[in-house]
Amino acid sequence: MVIIRYTHLEDSVRDLYRHLKIQSPQELGIDVIARKLNLNVLYGGVSLRFGNDFVIKKSTKQKEWQLFGHEVGHYLRHYGNHLVMHYLFMDLQELQANHFAYHFCIPTFMLQDLYDLNVYQVMNLFNVEYEFAQTRLSMYQNKLIMGGNHVAL
C-alpha cells in the first residue's frame, strides 16, 4: 500500500465528506450534497452562487457535477464580491475553485482505494467528462510519483 501525504485541500475535502457521511463515489451527487450542506440548487443559463443559492448552467450531468464542485469551492473557501474585486484576486479565486473542483469531484481518499485506474474508469465511477478525468488522474499519478509532495493552490 502506498502511503500518501495529503495536502490541506485534500484533508479538507476528506473531512467534509466524512462529516457528510459520504465514503464512496456512488454516494457523490449534487442533490445529496446540496441537501446535506443546506444549499439550494437551480439550473439556468449560467453558473453562479449567491449565499446558499447555487445556479448551475444546464448541461450534461457530468458538466453540472463539475460546475457544482467549482461553486462549492467558492462557497467553502472564498469571500468577497466579484463585482468590486480586483481582477487579479478574482482570477486567483477562479483558479482555486477550479483546482478545488478536481479534488471535490474526484477525492484523493477515494482514488487511493482503487487499483489499475484508467481515464475511462475515473469518468464512469465519478461521473465526470473525459478531459476532467484525464487531468485529475494525471494530478493523482504525479502525486504518487512525487511521493505525495506538491505545491497546493
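In this predicted model, the side chains of H103 and R136 are joined by a polar contact of 3.2 Å. The side chain of H103 also makes a polar contact with the side chain of H99, at 3.5 Å. H103 sits in helix α4, which spans residues 87-105. Its relative accessibility is 2%, so H103 counts as buried, the cut-off being under 20%. Beyond its neighbours within four places in sequence, H103 is in contact with L9, E10, V13, T108, R136 and M139.

Helix α4 also contributes to the largest nonpolar core. This core holds 37 residues. Y17, I33, W65, F68 and F104 touch the most other members. At least two core residues come from each of α1 (8-19), α2 (30-37), β3 (53-57), α3 (61-77), α4, α5 (108-111), α6 (119-126) and α7 (130-145). The most come from α4, which gives 5 residues. In soluble globular proteins, nonpolar side chains tend to be buried together.

The surroundings of F68 were examined in turn. With residues up to four places away in sequence not counted, F68 touches I30, I33, A34, L39, V41, F54, I56 and F104. Two of these, I33 and F104, are themselves listed with F68 among the residues that touch the most other core members.

Nonpolar side chains also occur on the surface. V46, L48 and F50 form a nonpolar patch there. Together they have about 320 Å² of accessible area. V46 lies in the loop between β1 (40-44) and β2 (48-50). Its relative accessible area is 48%, so V46 is classed as partly exposed.

Notes
Residues are numbered from 1 along each chain as its sequence is written. This is a predicted model: local features need pLDDT of at least 70, side-chain atom pairs count only at pLDDT 80 or more; totals for chains, interfaces and linings use all residues. Side-chain values use heavy atoms; hydrogens and water are left out. Helices (H or I, at least four residues) and strands (E, at least two) are DSSP runs, numbered from the N terminus. Buried means under 20% relative accessible area, exposed over 50%, partly exposed in between (1.4 Å probe, protein chains only). A polar contact is a pair of N or O atoms within 3.5 Å; within protein, one must be able to donate a hydrogen and the other to accept it, and residues adjacent in sequence count only if both atoms are side-chain atoms. Contact means heavy atoms within 4.5 Å. A nonpolar core is a set of buried Ala, Val, Leu, Ile, Met, Phe, Trp, Tyr and Cys residues joined through side-chain atoms within 4.5 Å. Patches are made of residues with over 30% relative accessible area and no salt bridge: like charges are joined within 9 Å, nonpolar side chains (Val, Leu, Ile, Met, Phe, Trp, Tyr) within 5 Å. Accessible areas come from the Shrake-Rupley method with a 1.4 Å probe; for residues, only the protein chains shown count as cover. A salt bridge is a side-chain nitrogen of Lys or Arg within 4 Å of a carboxyl oxygen of Asp or Glu.
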